[in-house]
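The sequence and structure come first.

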Amino acid sequence: MLVVEAVLSPPLVIGAALAVGLGLFWGWRNYQRCPHCGRIVPRVSQGWFRCRACGRQYRKGLRVR
Ligand SMILES: [Zn+2]
């Protein structure tokens, strides 16, 4: 019981949730999906990048759900 209570204590749960949330936020900020093939590719901050998977160019703001 003591171990379970320690693991489920609010500070640890909040800390874990924050860590996961920050990780997802960082990933979402730094990566995007290639609009042509849907692969995860580095987010473009300026200009155009070429997708390594399909060889086509993409740029900032092109998103496909
Ligand atoms: Zn692609």
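In what order do the elements of the chain run from the N terminus on? The order is α-α-β-β-β-β, where helices (H or I, at least four residues) and strands (E, at least two) are DSSP runs, numbered from the N terminus. The radius of gyration of the chain, taken over C-alpha atoms, is 18 Å, well over the 11 Å that the globule rule (2.2 Å times the number of residues to the power 0.38) gives for 65 residues, so the chain is more spread out than a compact globule. Along the principal axes, its C-alpha atoms fill a box of roughly 55 × 20 × 20 Å.

The model is predicted: local features need pLDDT of at least 70, side-chain atom pairs count only at pLDDT 80 or more, and totals for chains, interfaces and linings use all residues. Residues are numbered from 1 along each chain as its sequence is written, and side-chain values use heavy atoms, with hydrogens and water left out.

Cys34 (SG), Cys37 (SG), Cys51 (SG) and Cys54 (SG) coordinate the zinc ion at 2.2 to 2.4 Å; donors are N, O and S atoms within 2.8 Å of the metal (3.2 Å for Na, K and Ca), and sites may look incomplete because water is not among the atoms. Cys34 lies in the loop between β1 (31–33) and β2 (40–42) and Cys54 in the loop between β3 (48–50) and β4 (57–59), so the pair ties together parts that are 20 residues apart in sequence.

| Residue | Relative accessibility | Class |
|---|---|---|
| Cys34 | 1% | buried |
| Cys54 | 30% | partly exposed |

Notes
Buried means under 20% relative accessible area, exposed over 50%, partly exposed in between (1.4 Å probe, protein chains only).
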